[in-house]
Amino acid sequence: MTIRQRLFISFSLILLITVFIIGVFFYSIYNFNEIHNSQIHRYDQIRRVEKLKEHSNSFSWIVLDIITDYDKLSIVKERLNKAEDIYKSVLFLQNKTIENSESNSEKKNLELIFLHFKEINFLIKNRLYEIVKQKQSSFDKFNIDFEKLSNDTKNLLDQEVVYLQNELNKTEKNKNQFIETIKIEVVLLLLIAFTLAFVISSKIIKEIKGMLEKLNKGVLQLFNDDENSIKVDIGKNNELSEITKNLNSYLEKQSDIIHSREELLRNISHELKTPITKGKFLLEDLKNSKYKIEVEHINNVFIDIEELTNKLLQREKLNFAILKTYKFKVSSLILEALSKLSIDDESKIILEIDDDFEIEADKYYMTIALKNLIDNAMKYALEFPIKIKAKNKILFVENIADELSNDLIYYIRPFTREPNQQMGHGLGLNIVNKIIQMHKFRLGYNYKNSHNIFYIAF
C-alpha cells in the first residue's frame, strides 16, 4: 500500500468521525428543540389549567354573591350573566386544552373537568335561579351538590397541574441526562479521532522516516563507496521506491557521461603532453636566435598549457584518489608545501605558528591544497609579505589584495575567476576545495583590513 493510499484511508476515517460528530451535534440541536417545544407546550397547558382554576373560583364567588343577595333580583341577574361569560371562556379553552393532552388518561381527566364545568353552569343557571325565583330561603341541598361538584373539579385541576409539573421535571431531568450523554459521546469521539489520527500519522511518519533513513544511507553509500546507484531496499509500491528507481536511472546515465568525459580528458591530457614537450625542446634550440623575445612568449604559452594540463590531470586523479591518512604536525605540512614552490625571496612570506597542532590526513594531497592556496596568495598579492598562520586548529593564508567580488562558492567551481583576471585557469581553488572536502575539513574565506584571508579549519 502506498503512502498516498494510507494517508487517504486515515483521512477518510478521520473525516467519517468528524461527520459523525457533526451528526451528533445536529441530532442534539434537534433533540433540544423537541425538548424545548415540549416544555413550551406543557407550560402553556399549565397556564390554561390555572386559568380554569380561576374560573372555578369565580363560579364559587358568583354562587356566594347570589346566595347572599338572593332577594335582589337585579344583582342575581347580573351575577348570572357573569357566570354565563365565565362559562363561555371555559368553552373557549375546552378544545385547545383537550387537544394538547399527551395521554388518554390526561384526555379523559380533562373531558371530566369540562363536564363538571357544564354541570356547575347548569346548577347555577337553573337550580339556583329557580330557588331564587321561588324566594326559597334554604340553599342547603344546592350547596351540598355545588360544593361536591366544585371540589371534584378543583381536585381534578390540581391533579392535572401536578401531572404536568411532573412531566416538566422529567423532561428537564431527561434534558440534563441527554446533555451529559452528549458531552461524554463528543469527548469520546474526539479522543478516538485524535488517537486514531495520532496512531495513523505516527505509523506513517515512522515508515516514511525509516524509508528516508534507508534512502539517506543509500545516498551516503553512493558518495562514500563510489557507487553508481542507490543499493538499499526501501520496499515496493511506494513513492520513495519510485524516486529511488528514477534517481538510479539518472545516476547510471550520469555515470556513463562522467566516465566518458574523464576518459576523454585523460586521453587529451596525455596526448597534449607529447607535443608540448617536443615544442619546448625545439624552443631550446631557438633561444639564441634573433627571435629571442618571440621565442620567450611562445615558451610561456607552452608552460601555461602544460600547467593547465597538469592541473586537469591532478583534478581528475582526485576522483579516484584513496586517502592514506596519518598524523603529522601543521608545521611539517607548511614546510612541505613551501618546498614545492619556487620562491625567489623568503622575505615575501611570514610564518606565525602559534599552535603547532596535529593533523590526521593524507599529507600528499593536503600539501597540494596548501601549495595552491599559497601560490594564489603570492600571485594576486598587491604587496608583500604574505602571512601563513597556524592557531586553534585553523591554518590561515593571508595576503594584501582586493576583496573577492563574489562569494567563495563561486570560485570553488572549475574554470571560474575574477572577470578582469588574466592569470590562472580557475582550477586552483576547485582542487583545494575538493581535497578539503575529501578530508571532511572546511575551507573558508574572510576579508578584513585590506587582507584576503583563506583558511582551513581542521
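1. Start with V187: its relative accessibility is 47%, so it counts as partly exposed. The classes used here are buried for under 20% relative accessible area, exposed for over 50%, and partly exposed in between, with a 1.4 Å probe and protein chains only. V187 belongs to helix α4, residues 140-224. Together with I184, L188, L191 and I192, V187 makes a nonpolar surface patch of about 470 Å². Such patches are made of residues with over 30% relative accessible area and no salt bridge; nonpolar side chains (Val, Leu, Ile, Met, Phe, Trp, Tyr) are joined within 5 Å, like charges within 9 Å.

2. A word on the basis of these values. This is a predicted model, in which local features need pLDDT of at least 70 and side-chain atom pairs count only at pLDDT 80 or more, while totals for chains, interfaces and linings use all residues. Residues are numbered from 1 along each chain as its sequence is written, and side-chain values use heavy atoms, with hydrogens and water left out.

3. The chain as a whole. The secondary structure comprises 10 helices and seven strands; helices (H or I, at least four residues) and strands (E, at least two) are DSSP runs numbered from the N terminus. Of the 458 residues, 35% count as buried. The chain exposes about 28,800 Å², of which carbon and sulfur atoms supply 56%; accessible areas come from the Shrake-Rupley method with a 1.4 Å probe, and for residues only the protein chains shown count as cover. Among contacts with a separation of 6 or more, 71% are between residues 24 or more positions apart, a contact being heavy atoms within 4.5 Å.

4. Salt bridges. The structure has 15 of them, each defined as a side-chain nitrogen of Lys or Arg within 4 Å of a carboxyl oxygen of Asp or Glu. In helix α1 (residues 3-68), R47 and D44 are three residues apart, about one turn of the helix. Their closest N and O atoms are 2.1 Å apart. R47 is exposed because its relative accessibility is 52%, whereas D44, at 26%, is partly exposed.

5. A second pair in α1 has the spacing of about one turn: E54 and K51, three residues apart. Here the closest N and O atoms of the salt bridge are 3.7 Å apart. Both partners are partly exposed, E54 with a relative accessible area of 44% and K51 at 39%. Salt bridges that share partners also join R42, E102, E167 and K170 into one network.

6. Another salt bridge links the side chains of R79 and E78, at 3.3 Å from N to O. E78 has a relative accessibility of 49% and therefore counts as partly exposed.

7. Helix α7, residues 330-339, has V330, S331, L333, I334, A337 and L338 as its buried residues. Viewed down the helix axis, these fall within an arc of 160°, so they line one face of α7; the arc is that of the directions from the helix axis to the C-beta atoms. The face turned away from the buried side carries the exposed residues L335 and S339. Cover for the buried residues of α7 includes β1 (326-329), β2 (349-353), β3 (358-361), α8 (363-379), β4 (383-391) and β5 (394-400).

8. Strand β5 is largely enclosed by the rest of the structure, because five of its seven residues are buried. β5 runs antiparallel to β4, with six bridges between them, and pairs in the antiparallel sense with β7 (residues 451-457) over seven bridges. Two strands pair if DSSP finds at least two bridges between them. I394 of β5 stands opposite K391 and also opposite A457 in β7.

9. Backbone points to check by eye. F384 and P385 are joined by a cis peptide bond, with omega about 10°; P385 lies in strand β4. β4 and β5 form a hairpin with two residues between them. N392, in the loop between these strands, is a residue other than glycine with a positive phi near 50°. N392 counts as exposed because its relative accessibility is 55%.

10. S450 is not a glycine either, yet has a positive phi of about 65°. The residue sits in the loop between β6 (442-448) and β7. Is S450 exposed or partly exposed? At 42% relative accessibility, S450 counts as partly exposed.
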